[in-house]
Amino acid sequence: MVVLVLLLAGGVAVYRFDALDRWWPKGPPDPRVEPAAVAPPEGLDLPAPSPAATVAPAEDPDPETRLLPGKVRAAIANALKDRDLGRHVVVDVETAAGTGPAYHYGTPHTFTPASTTKLLTSVAALQALGPDATFDTVVRQGAGDRIVLVGGGDPNLASRPVPADQKDEVYPPRADVRTLAKQVAASLREQGRTRVRVGYDDTLFTGPEVNPRWEDSYIPDGVVAPITSLWVDEGHDPSGYGRVADPAQVATRAFADALERQGIQVRGPLRPAPARPDAPVLGRVTSAPLSQIVERLLDVSSNEAAEVVARHVGLAVEQDGSFQGAVRGVRSVLAGLGVPVEGSRWYDGSGLSRDNRLTGDLLLEVLRVASADEHPRLRAAITGMPIAGFTGSLTGRFAEGDPAGLGRIRAKTGTLIEGGVHGLAGYVTDATGAPLLFVVVADKVKYERTLGARDAVDEIAAEIAACACTTR
């Protein structure tokens, strides 16, 4: 009774909390979390619920299904004549089961892949690390009164928590340095400490932070941030425009400011300070699972997240967290999955390098392996791809061409506007319901024909969706 009086006096409403739930009166069910428990209005007679009818038959890559290359050729012939596509176009189509003939168009048959490279990075990461892998950002005790913020390569680490009214709009959930600062402040107060110096450790990744194969303009123009194991908001400037020059320093400043809001005085400059791996941990926040990170990086085509994920593959496979180690690691993992890597070369995890060259066979096989029943750990590489006309980087696409493409195409975009590259690589069901894999890339597009080329690539993909191109 004493506890009850104090709660009431303090104006605290106790609602469904552990043991109190047994005797404290519950309010009405919340329709946001318990819709089935909400009673209908009085006098309303509702029919008994019944299972919903199947919207569409389940896709099944039938190994007996064969592609009819001649029908593919006829279906896309007019779209291929579009002059906006430029002088080099590659198209590859095959069944999801990978059986029978495939359709190939374009010579030479290697191309600049742009962001379709992210499919390679994503599949390799899911295979090497596992879909449940997470990445920790910790604070360890340093020398003397110093504490050290240690970057663990969380690509989605944020500077602040997502507001409660926006949590349903943000995917995946993100760790943040303000929450970390609250933990650390509590640990320090337990030790009777209210003043600290703050250092940071971003040594998990090695080598240059800027890929030498990237255009010199990428960093000053804010196309991509320097790649480091410690940053917040993917290295984006707090103003919302461009990227920051020193992501680790900016992340540490955000953490230090959050500490001071918790009543901990931060003394002196923020400096690099490698942490001992066995030093006491004062706080820790953990990323979302890799499967969710991959889904987001493919959906919105995040260059920064792709590069960080590639570095983790390099560390896991090659014990090398550099750009070179990342590429070697991704290549090794894909080769182990049976993907034909010979004849292709790439230098980063995001596809920003204009020196990258892939074959259509490599991308098709990456897609086939990721969608195969025997590789369930890779499934996020398929579910993460945008849906034509509805999600991610394809939300505003497919307004032109055959409407059959809308909602039936999942594809990773690949665009380098200044480099003249416009492409798609993904998964589609044709008019017979057969699942197909496809690659469409035009990589010699004139700048002034950018929008026309993008629409032409979409039209080719849509015509494949509208085609009865298999024996199914």
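Is Glu 234 buried or exposed? Select Glu 234 to find out: its relative accessibility is 9%, and since the cut-off for buried is under 20%, Glu 234 counts as buried. Keep in mind that you're looking at a predicted model.

Arg 296 and Glu 234 form a salt bridge, with the closest N and O atoms 3.1 Å apart. This pair links distant parts of the chain: Arg 296 sits in helix α6 (residues 290–300), while Glu 234 is in the loop between β6 (195–201) and α5, 62 residues apart. Arg 296 counts as buried too, at 16% relative accessibility.

Next stop: Asp 320 and Arg 328. Their side chains meet in a salt bridge, 2.8 Å from N to O. Asp 320 is buried at 18% relative accessibility, whereas Arg 328 is partly exposed at 39%.

Hop over to helix α9 (residues 360–371), where you'll find Arg 368 and Glu 365, 3 residues apart, or about one turn of the helix. They form a salt bridge as well, with 2.9 Å between the closest N and O atoms, and both are buried. For a network of salt bridges, pick Asp 145, Arg 197 and Arg 267. The whole structure has 14 salt bridges.

The largest pocket holds about 480 Å³. To centre your view there, select Ala 158, Ser 159, Arg 160, Val 232 and Asp 233, the closest to its centre of the 24 lining residues. Then colour helix α5 (residues 247–261), which gives the most to this lining, with 5 residues. By class, the lining has 10 nonpolar, 4 polar and 10 charged residues.

Technical notes: Residues numbered from 1 in each chain as written. Predicted model: local features only at pLDDT ≥ 70, side-chain atom pairs only at ≥ 80, totals over all residues. Heavy atoms only, no water. 1 Å grid on protein atoms, 1.4 Å probe; cavity = no way out; pocket = protein on both sides within 12 Å on 5 of 7 lines; lining within 4 Å. Points joined across faces, edges and corners; volume = space filled by probe spheres on them. Helix = DSSP H or I, 4+ residues; strand = E, 2+ residues; numbered from the N terminus. Nonpolar A, V, L, I, M, F, W, Y, C, P; charged D, E, K, R; others polar. Salt bridge = Lys/Arg side-chain N within 4 Å of Asp/Glu carboxyl O. Buried < 20%, exposed > 50% of the residue type's maximum accessible area, 1.4 Å probe, protein only.
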